[in-house]
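Q: I am new to this one. Could we go through it together, piece by piece?
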Amino acid sequence: MHVVHPPELSDAAGDDDELPEVLRTYQTWKGSNVFFLGGRFIFGPDVGSVVLSVFLIVVPVAVFCAFVARKLIDDFSHHLGVLILVVVIVWTFYVIILLLMTSGRDPGIIPRNSHPPQPETTDRGIEVESGLTLTPQLRLPRVKEVMVNGMTVKVKYCDTCMLYRPPRCSHCSICDNCVERFDHHCPWVGQCIGRRNYRFFFMFVSSATLLCIYVFSFCWVYAIRIMHSENTSIWRALIKTPASIVLIIYTFLSVWFVGGLTIFHLYLISTNQTTYENFRYRYDRIENPYNRGIFGNFKEVFWTSIPPSKNNFRALVHREPKPLTRITGGSSVNSNIEKIPSDVEIGSVKPIWKNIARDDGSNDGGPQRSSLGRSGSWDLQSEVASITGIGFSDRVNRGGSSGSLEVPIK
Ligand SMILES: [Zn+2]
Ligand SMILES: [Zn+2]
């Protein structure tokens with residue numbers, strides 16, 4: 001079962017009755033994503049940048065084909081000239097497909113909860129600094145600590161998604177979703193880079209680097225052949241092919257960007273870090289609990305199966321009836337909580353963790369397995385189990401930020 005909400009809060013206030021009773025999940029989606037073809041493709045809100053990226057790839061390649069590769073066909077015997085043209089076209093298609101596989105698919109979004117999780121029994125010694133008053137009896141800790149490979153990792157509560165983020169998960173402020181193994185939000189592909197598309201992102205960036213080197217190299221080959229055939233200097237030869245000059249400059253500048261990214265991500269993959277972790281935690285100073293050794297780290301990125309999406313964007317869902325009672329504010333409510341007043345219902349605070357796990361699993365038809373940790377795998381269900389107190393310590397970070405979604409004990 002997937003819990004649904006009206007698409008917009010304003011709709012909930014006024015036009016509720018005009019909406020159909022049965023919708024698809026993507027039509028009720030609360031993140032900022034843009035969907036195409038009835039929810040078959042999901043992009044970030046900056047999907048327009050994908051068009052720009054395709055343009056930045058296709059136009060130079062078209063110039064290369066028209067003004068360089070076509071001329072080289074006659075210069076090489078045994079169809080080698082034709083091969084130069086065919087390779088660049090096929091490789092460009094490959095790069096574009098990798099770009100779309102990175103951009104148009106679920107990067108690893110964790111479905112939002114419809115209610116805040118049920119706090120554990122109050123006699124477990126849970127303490128919090130501040131919170132939103134929901135009922136006078138219960139509290140939710142803002143940060144919990146779980147063990148990963150014998151090391152303590154803090155998992156934070158997400159106010160927007162109303163869940164404890166699994167380790168390595170982060171909330172993308174652009175897409176407004178919690179994303180597993182969040183790397184970064186890439187404005188060039190218009191999508192979060194996360195657990196389900198990191199491999200394609202790396203393949204896209206590295207393939208684009210090779211495309212730059214290929215075009216750069218054959219522009220020089222063409223200029224050198226002009227130099228030899230006309231017995232002139234390389235500079236005079238280059239002037240005879242202005243398209244080559246433009247492409248050499250363009251690919252030279254581009255390769256610093258995509259090549260630099262490729263090398264940076266090779267470093268991140270070899271040390272099993274995400275871009276987010278690299279900027280935030282600096283694992284050169286503290287030990288990285290996810291590091292499995294260089295071969296294990298490469299294997300994790302390239303030779304493990306990509307888990308199925310936790311979201312079925314095309315699933316039919318019934319429109320949720322209007323909640324009768326809503327909390328509209330609190331003494332220490334932050335902006336995230338203020339944005340979602342209709343999600344917090346009085347009287348809905350009850351044990352729901354196991355239901356959540358079951359609901360999420362049923363959306364994609366199976367458990368979500370990852371390969372975190374040497375000692376075993378981590379999935380949302382085990383995450384939920386751990387947070388509900390099975391097998392993990394659960395201490396409270398007293399330094400949590402303000403505006404937590406908590407239910408203080410009075
Ligand atoms: Zn979130
Ligand atoms: Zn994003």
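Q: Which hand does the crossing of H2 and H6 have?
A: H2 passes H6 in a left-handed crossing, that is, the near helix is turned anticlockwise from the far one by less than a right angle, whereas clockwise would be right-handed. This is a predicted model, in which local features need pLDDT of at least 70, side-chain atom pairs count only at pLDDT 80 or more, and totals for chains, interfaces and linings use all residues. Residues are numbered from 1 along each chain as its sequence is written, and chains are lettered from A and ligands numbered from 1 in the order in which they are written.

Q: At what angle do H2 and H6 pack, and how far apart are their axes?
A: Helix H2 (residues 48–75) and helix H6 (residues 242–271) pack at about 145 degrees, and their axes are 10 Å apart. Axes are lines fitted to C-alpha atoms, for helices over the stretch in contact, and angles run from 0 to 180 degrees between N-to-C directions. Helices (H or I, at least four residues) and strands (E, at least two) are DSSP runs, numbered from the N terminus.

Q: Which residues meet there?
A: From H2 come Pro60, Val63, Phe64, Phe67 and Val68, and they meet Ala243, Ser244, Leu247 and Tyr250 of H6. Contact requires C-beta atoms, placed from the backbone, within 7 Å.

Q: Turning to H3, which of its residues are buried?
A: Ile84, Thr92, Val95, Leu98, Leu99, Thr102 and Ser103 are buried in H3. A residue is buried if 20 or more other C-beta atoms lie within 10 Å of its own, exposed if 12 or fewer, and partly exposed in between.

Q: What covers them?
A: The cover of the buried residues of H3 includes strand S3 (41–43), H2, S11 and helix H4 (198–230).

Q: Where is Gly104?
A: Gly104 is in the loop between H3 and strand S4 (109–110).

Q: Why does Gly104 count as buried?
A: Gly104 counts as buried because 20 other C-beta atoms lie within 10 Å. Leaving aside neighbours within four places in sequence, Gly104 is in contact with Phe41, Ile42 and Phe43. The C-alpha atoms of Gly104 and Gln191 are separated by 7.7 Å, although these residues are 87 apart along the chain.

Q: And where is confidence lowest and highest?
A: Helix H10 (residues 353–364) has the lowest, at a mean of 30, and strand S11 (residues 191–193) the highest, at 97. The scale is pLDDT, the predictor's confidence in each residue, from 0 to 100. The mean pLDDT of the chain is 75.

Definitions and conventions
Two residues are in contact if their C-beta atoms, placed from the backbone, lie within 7 Å.
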